[in-house]
Amino acid sequence: MKASEIRSKWLAFFESKGHKIEPSASLVPHNDPSLLWINAGMAPLKPYFDGRVIPDNPRIANSQKCIRTNDIENVGKTRRHHTMFEMLGNFSIGDYFKEEVITWAWEFLTSPQWIGFDPERLSVTVYPEDEEAFRYWNEKIGLPAERIYKLEENFWDIGEGPCGPCTEIFYDRGDAFGDLNDPECWPGGENERFLEVWNLVFSQYNHNKDGSYTPLPNKNIDTGAGLERFTSILQNVDSNFDTDLFRPIIDRTCEVAGVTYHTNPEHDIALKVIADHVRTVAFAIGDGVMPSNEGRGYVIRRLLRRAVRYGKSLGVDRPFLFELVAIVGEIMGAYYSEIVEKREFIEKVMRTEEERFHETLSDGLSLLGELVKTAKADGGARISGPDAFKLYDTYGFPFDLTEDYAAEHGMTVDREGFDAAMEEQRTRARAARQDTGGMNVQGGPLADFTAKSEFVGYEELAVEGAKVI
Ligand code: ATP
Ligand code: MG
Ligand code: MG
Ligand code: MG
């Protein structure tokens, strides 16, 4: 089953249960300063949830593009995480509650008319005190008690406001994905044998200012399921990246790089990261975010630069990410028309950004590689402040780029040492200005030094105090 069919089935199923289908909102939150990005299907519907707006229909379903930057380090390493993904959601604004949502989730998942998972492979988690949810799963659905795990963390609470227990649904991908004797395999564990596919949140309490909880007069349902995860199961592939949502992007990258997918684990990580980041950056630009030095713009700048670096690790030394936008459009354009309509613009922005980054990257990267190697050979796990400063000053590597690279090799960077070297340079520069009565020094090593430190091929990134997300 194609991913696009799964999405359509989701919407058709909930439409058949009386839901109004809402289109995906922009990745950029509207009137919500609390969020940098839309990170869940419910996020653009908050005004309904907190009662500011009354929806025409209290039942809503959508497929919402979401960005979660907190998952960046997982991308390429786990089978299931992306920085941008589609969250399938169904919502009840003071209408149906636990019994219906559990019954419908089960029907959608197991009925051959919908996505037809083998019911034997499904397990769920519930909040230990939520006996009601346990009872519906156990008595109404007939799920054996040993496949209902009680987990303390199944409670959604983000401080003041509506909150409540949740129940999550996991699909057992079988022995090839992990050993059942390993408790990390079980729902909630680190291993991905039991793949979390769907979270059903019962918002039934209000978390009050004084820390107490009182029942909400209007109880809501908020659910989220990962389209890419459903797809990986239904297409019976190893990871989300092997589905029709990602494979064409990866295959094209393989052609450009002259590598073969699934032959080298490090290459695979790079291919997955590139495919992931290209989608995120393309969609974000499509929603009006421009690469910059702050906030959202800085996030996409970092993602794009990360993808460039992974491209380099595959031997690609020219801008190529922008060429993948057309493929993203072929895969997702039928549902997200913006990615096709704004294709040329997105390509242009990405290409310019790529070109600029390429100009400065290569020399710095080889130095960084040497530094990591030397530090490791000496048994160290840290890049020194002066070295990080040299990368910054001579090669234009912002501190966080050095830090990212170091982290990928299990190392840290001496921030204090970096700051001290920066301060020292400023002091020297001030002294030099005084020596010459404020005139520019022409020629000589100092001029050279200053010129390099002011080289602005990557100007915004090198600016101090650039916000790091
Ligand atoms: P996980 O534990 O796998 O990180 P989560 O518990 O953080 O997932 P939820 O916040 O419950 O995820 O989001 C609802 C659903 O959205 C998840 O069950 C999953 O199917 C999907 N999902 C969440 N984060 C991601 C992501 N980074 N990439 C792809 N799908 C995701
Ligand atoms: Mg998560
Ligand atoms: Mg989880
Ligand atoms: Mg979850």
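**View 1. The shell around ligand 1 divides into five nonpolar, five polar and six charged residues.** Ala, Val, Leu, Ile, Met, Phe, Trp, Tyr, Cys and Pro count as nonpolar, Asp, Glu, Lys and Arg as charged, and the others, Gly among them, as polar. The model is predicted: local features need pLDDT of at least 70, side-chain atom pairs count only at pLDDT 80 or more, and totals for chains, interfaces and linings use all residues. Residues are numbered from 1 along each chain as its sequence is written, while chains are lettered from A and ligands numbered from 1 in the order written. In total, 16 residues surround ligand 1 (C-beta atom, placed from the backbone, within 6 Å of it). D71, F85, N199, G224 and G226 are the closest. β8 gives the most, four residues.

**View 2. Helix α3 covers residues 98–110.** Helices are DSSP runs (H or I, at least four residues), as are strands (E, at least two), numbered from the N terminus. Its buried residues include W104, A105 and W106 (20 or more other C-beta atoms, placed from the backbone, within 10 Å of a residue's own). Among the elements covering them are α1 (3–16) and β4 (122–126).

**View 3. A105 is among the residues with the most contacts inside the largest nonpolar core.** That core has 99 residues (buried Ala, Val, Leu, Ile, Met, Phe, Trp, Tyr and Cys joined through C-beta atoms within 7 Å). Helix α7 (residues 265–286) gives the largest share, 11 residues. Beyond its neighbours within four places in sequence, A105 contacts I169, W198 and L200 (C-beta atoms, placed from the backbone, within 7 Å).

Definitions and conventions. Expected span 1.5 Å × (residues − 1). Buried ≥ 20, exposed ≤ 12 C-beta atoms within 10 Å, placed from the backbone. Contact = placed C-beta atoms within 7 Å.
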